[in-house]
Structures are given as C-alpha cells and as structure tokens.
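Thanks for making the time this morning. I would like to take you through a few side chains and the partners they meet, so please bring up the sequence and the model.

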Amino acid sequence: MATKPPKGDPVQDAPQVTEPKHAAAGLPAIGHTLRIAQQQMGVKRTALTLLRVNQKDGFDCPGCAWPEPDHRHAAEFCENGAKAVAEEATLRRITPEFFAAHPVADLANRSGYWLGQQGRLTHPMYVPEGGTHYEPVTWERAFDIIAEEIAALGSPDEAVFYTSGRTSNEAAFLYQLFARELGTNNLPDCSNMCHESSGSALNETIGIGKGSVLLDDLYQADLIIVAGQNPGTNHPRMLSALEKAKANGAKIISVNPLPEAGLERFKNPQTPQGMVKGAALTDLFLQIRIGGDQALFRLLNKLILQTDGAVDEAFVREHTHGYEEFAEAARSADWDETLTATGLSQQDIEEALAMVLASERTIVCWAMGLTQHKHSVPTIREVVNFLLLRGNIGRSGAGVCPVRGHSNVQGDRTMGIFERPAPAFLDALEKEFGFAPPREHGFDVVRAIRALRDGEAKVFFAMGGNFVSASPDTEVTEAAMRRARLTVHVSTKLNRSHAVTGARALILPTLGRTERDLQVGPNGKSTEQFVTVEDSMGMVHASRGRLEPASGQLLSEPAIVCRLARRVLGEKSRVPWEEFEKDYAIIRDRIARVIPGFEDFNARVARPGGFTLPHAPRDERRFPTATGKANFTAAPVEYPELPEGRLLLQTLRSHDQYNTTIYGLDDRYRGIRNGRRVVLVNPEDADRLGLPDGSYVDLVSEWKDGVERRAPGFRVVHYPTARGCAAAYYPETNVLVPLDATADTSNTPASKSVVVRLEQSATD
C-alpha cells in the first residue's frame, strides 16, 4: 500500500520481508559499511577517515558510548559507527541555495531519511517571523536575534536549553555555565529520554548514577546477563567484548522479548575464523514478556534467599542497608504471578537460577528495554538487589552495567547538564566563577514540552540532537514547538526538528567530530584544539578531528556557546568567555577545579587512552548514599496489564538507524528491506486477531487520558516476538507514546510498553 512521497523521497511503507538472520556482522557488515562510506565520502576519504575512528590519536566515534579496549585494531569501529562517520564526513553539502529551493513547508513533508541524506549544513540560516523559507544570516545577526528574544522574556526560566549526548565535555560545561549564569536550570537532555531511570535507581541504591564495571570486568565475569538490550544493532562493538568473555569461560543469559541476531552468533570481521564461523554468544535465551523484568529478578532473589549459602552474608552485613525489609518482600514473590508477568516457563527460570548460583562474578547489562516503562526505576532497583545479594558490586568481574547510547551522553551529565543539580555542584560553580547559580529545579524533557505547550517557555535552544523526532507524543511536541517565540538548533545535518519552527527559527552549523578545530589565540595565530568525551564506563579521553571543515562558516560548539554568552550576558558576566573560546585547555583547568575526579585534567587527558574517573562503589566498596551503605529496596511488583484484543508495543531501532538518524531503509537482521512502516507480531497473536502476514493496519494507542493516538499504514510482519507483544520502529511510532505516560521517579517516556490495538487500514 505504498503512498506517493514527495519527489526524490523513497517509498518507505511497502517493504520486502524475508526470514530474520541468526548471526550478526561478518562479510555482509563489511560490504555494507564500505558501500555506504564510499557513497558519502569517496574511496580515499573513507580510508583516511575510518582508520582514525576511536584511535588514541584520532576522534571519538559520534555513535554509541561503548568503550575502546587499550589494545586497538586498525579498524576500531562497527558498521553503524562507520555510517555515523560517513554522514558527518560526507562530501554532500546543504547550501543557502538548497533552502531557497525548499520552503519550510516542503521540508516538513519530507522523511527523516531524505533530510539526513542531503549532506552537511554550511551556513547559519534564519526564518523570520512570517517567513516561508530559511535564509542566510550572519553569525553576528544570529546571536543578536537570540539576545533579543531572551531579553524579552519575563524570566530566564522561560528559556529551555536542550543538549544531545554528542556534545563534548568542554561544550557541555560551557553550556550549563551559560544557562546558570543567565539564571535557569532548564537543561533537559537526551538522558531524560533513555537512562534517567538508571541514574535514579543507581543513585538511590549505590550512591552514583553510573555503571560500576570497566571493560576488563566483562572479560573476568562468570555470568553476563544482557536484559532489554540489542547490542548487535545498538552497540555492535560490545559483541567483541562478549566474544572475549565467552572465550574466557563466561556464560551469557539474554533477556528480551525479541530474539536478536547479534546475541545469537557474532561473526567477528576482525578474524578469518570469526568471519566464517563466528561465535555463539547466548547460553540461555529468556524470551520475556514486555515489562516483566522486575517480576523475574524478584523471583530470582527469592530463590537465592531460599538456597543455603547463596547469599554473601559478610558483604550484606558490612556494606548494605535495608536487607530485612527487602527480604520480606522478596520471600512473598509468587510463581504463578511471575509466570504470568514474564511469559516464561518454570524450567526457564530454574535454568537461569542454576547459572546464577554457579557464578561467583555476575554482571547485569541493560538498556532501553528496562528503562522506558512506568515501573523502570523499581525494576532497576531489583536488579541492584539481585547483585547485592551475592556481593556482586565492588568485585572484579561483577557489577551494574547500564549501556549508554550517545557517545558523550554520560559526560554531559558529569559536566552538569542536569535540570536537578546537586547543591555541592552549584556551590563549586559559585566559588569558581563568582555568581550565584539558581537553586530551583528546572525542566526535564517532558516538563519542557509541557511548558512550551502551555506558553510557559518561549525560547528553545538545542545543542545538537533531533528533539522533535526523539520526543514522545509527536503531535503534541510539534504543536508545542510551534508555540515558541524562537527555536534554535546547533546542528551538523538537517533533521525533522528544523522543519518544526517557532515564530522565528535559527540553524547554527557546527563542526563535527571528524573535523579540525582551529581557534585564533591571543597572539593572532591559529592553534589546533581538541575536546574530550566520557564513555559508558567512565573513561575520559581526547577526540581530535583531522578533516578540513565542511564550510568556512562553521563554528565549534564551544565557540558558539562562548559567543552566545558574550552577546547575551554582556559586560555583567564574570566568566572569561573570550579566553575559553581561544583555548580549550583553559576550560579544562576550570572543570578540574569544579568537578571531582578531573584534577590535573589537561595532563591526564594528554596520556594516550585518557583516564578513568573514580567510582567509590567499584573502587572501594564505599557507597555515598544517604545511609552510607548500598541500599536494598522493596517495592510492589508491577507489570503492564493487557486488555483483551490488545498488544503491548515496544518502540525500537532498525539496523540502518542510530537513534533518530536513519541511514537506510533496511533492517537486514530482522529480514526487513526497503521500508520502515512495519509492525512485528507473534504469528499466534496475529491469527487470533485476524491479521494475515502482509496486511496493513493502523496502530492506535490506548491510555487513561482517552485520547486516540494513531500511526497509520503499517505492514504486519509475522515475527517470533513474545506472546502478547509487538514491536515497531521509532520515530514513526513516537506519536503513540502519551506525553504523560512516564516512568515513576525518573519521568522517562514509557516507550517500551504502549498498549495498542491494530485496526485494518482504510487504504489496505
């Protein structure tokens, strides 16, 4: 049922479907990587650029945050990382002439895939009030426009400063510093939509909102549980670490509603044997019902408690708090309720228990499959309970491992990008820079959308990212953005957010990770700068681009923030913005004086590979919580209720996708080609609901507000999902996620457990 797209925009809703794959990477990954890279960059540029990705003297991949090993391959990148690099280092350009030919209304009708394929932005662009097209604007005028709108606000809290995880440590630190000197903590970021639940749970239970393992811990583990995560598509370099762990004797349990090719078998393209045969990774696949993870870990905890000698009593006695209340709740876990919540069999759970009891060193890894539910925070707290019971935090080869997405999303939070900053951080800023930062909490992503919708926020500034496509409740989010007086996006490429404008709109083009960053110093000479990032395991290292910038009009993110601050704050600012722009080492010196763990920052980051941030639970078995110990917690078991005739929908990525960036229209591991509007449904559920394979349906979400949210025209694909569950790609399905359907405590959108009914499409 293909619909006719705008000229040049490929049809995406008539996919071809074949059987899903049972292995990831290998020769197909190499072929696809080279084809995409050469299409975007050409042969020579491909070789010169890819060989610098994730190298100690190169640049950090703009894709995921998986850490690099100390000893690195010449090709230290994955297929999806290569796609991210290719789109940034592309030879394609979007000039002012492009915008003259494409009014904003035309851009709004284009697919995200088409927009991203147009190339790199080259000039600052502006839509004046009442305008129909973006038109070129000078940097000076762009900063004047922002200053005009901010000056007209009734309060600094009417401005929102969003951040994507690709922002460097230096830019993130400056960005939050500017917002707080302006007078607001409205600093939502992409963490609010992904691992906020992890941070909330971990801060409460172990005292730090980050994972407690390093890469070497995976190699030393006896058991690795991968729950609610698909590393084959989302963090492909993790497969190499799992392969090495397996070779060292580790067992792997995969907990997921969908079978995923990468967790079945990994064909490592770095070795001849890996290319041909590969390595089987998963020892036990628990095909869990969506949202049943808390119930699973609660029952496992009960069974551990019932097993003589299974609890690490010395660790529990010396290092934990709240054990008795937790144990009482765990002992009440019910087999029948657990089997209902999880969709698993008793044999499945008993087999998992045997593997848990046989392991002295256990790691639990997770991602969005655990963090984007109403009950995500108690679920992750139950995972922590599971690890604490057997002393698996602060032990080599054991611990919590939330796997972050964007390459510096964890670093942004470390640098202070947070709407609820700790008082100690604000005290340090005040001492260092001599102004009183605001103390009242600001807006997270969901609250920012509500504020824009309700007219309480009037200026929206995004440092990277694609806010409109990443956010829930698409129609509400877009209407909210259009109510703004001014929307500003610092970007490398075009995306959907640029086509959903406020009364006035700016696009500010910036350098990418791959590009050389030259700044003019006090002596008038240009000096090459570098930035730093923090990976998913708390390693901080340098990133140095080498390509010539896509345009002479580009500014770096630190330069943009510094010039913005000078224009908006003027002479009243006590921060040396001009010095910061000229020399990023000065920024790092000030970071070192504000943020613990960054002492002697410049010297330590100059070492190849960088340095590891301290982590008290991992390093010392010291837990900086309110009790001074690791906290066991007890909460009622929750799982989604499923009305008759409905399915639980999880949103997910295709393999040709990274977050909202669409690299292509295939998902070859799942057997989907040339289209994205598909819904994966268990064949038994499809038969019960009268949905033949290949039929077309509208997805209609149902929530307590009674509002009908509809995503039309999805092809039904019979697929081996868990019973009662379905899956479809975002951002196409973000329209189905209600703005107010969020996780308790963390306020993260509940995108992984949406109750939907499937209605036959009118045009089928």
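To begin, which backbone nitrogen does the side chain of Gln-657 reach? This is a predicted model, and in it the side chain of Gln-657 comes to 2.9 Å from the backbone nitrogen of Ser-654. That side chain also makes a polar contact with the side chain of Arg-676, at 3.1 Å. Gln-657 belongs to strand β26, which covers residues 657–658, and because its relative accessibility is 0%, Gln-657 counts as buried. If we set aside the neighbours within four places in sequence, the residues in contact with Gln-657 include Asn-80, Ile-662, Tyr-730 and Pro-731.

Let me move to Arg-621, which sits in the loop between α31 (616–620) and β24 (630–631). With a relative accessibility of 21%, Arg-621 counts as partly exposed. A polar atom of the Arg-621 side chain lies 2.8 Å from the backbone oxygen of Gly-391, and, again leaving aside neighbours within four places in sequence, Arg-621 is in contact with residues among them Phe-315, His-319, Ile-393 and Arg-395. As for Ala-25, Arg-621 is 596 residues away from it in sequence, and the two C-alpha atoms are 38 Å apart in space.

Now to the charged pairs. Side chains of opposite charge can pair when their charged atoms come close. How many salt bridges does the structure hold? The count is 60, and I will pick out three of them.

In one, the side chains of Arg-420 and Glu-196 meet at 3.8 Å, N to O. Arg-420 lies in the loop between α22 (409–414) and α23 (423–433), while Glu-196 lies in helix α9 (residues 196–205), so this pair ties together parts that are 224 residues apart in sequence. Glu-196 is buried, with a relative accessible area of 3%, whereas Arg-420, at 29% relative accessibility, counts as partly exposed.

Another salt bridge joins the side chains of Asp-444 and Arg-447, at 2.7 Å from N to O. Here Asp-444 is buried, at 2% relative accessibility, and Arg-447 is partly exposed, at 38%.

The last pair is Glu-708 and Arg-710, whose closest N and O atoms are 3.0 Å apart. Both partners count as partly exposed, Glu-708 with a relative accessible area of 48% and Arg-710 at 27% relative accessibility. These two also belong to a network of salt bridges that links them with Arg-646, Asp-698, Glu-702, Arg-757 and Glu-759.

Conventions:
Residues are numbered from 1 along each chain as its sequence is written. This is a predicted model: local features need pLDDT of at least 70, side-chain atom pairs count only at pLDDT 80 or more; totals for chains, interfaces and linings use all residues. Side-chain values use heavy atoms; hydrogens and water are left out. Helices (H or I, at least four residues) and strands (E, at least two) are DSSP runs, numbered from the N terminus. Buried means under 20% relative accessible area, exposed over 50%, partly exposed in between (1.4 Å probe, protein chains only). A polar contact is a pair of N or O atoms within 3.5 Å; within protein, one must be able to donate a hydrogen and the other to accept it, and residues adjacent in sequence count only if both atoms are side-chain atoms. Contact means heavy atoms within 4.5 Å. A salt bridge is a side-chain nitrogen of Lys or Arg within 4 Å of a carboxyl oxygen of Asp or Glu.
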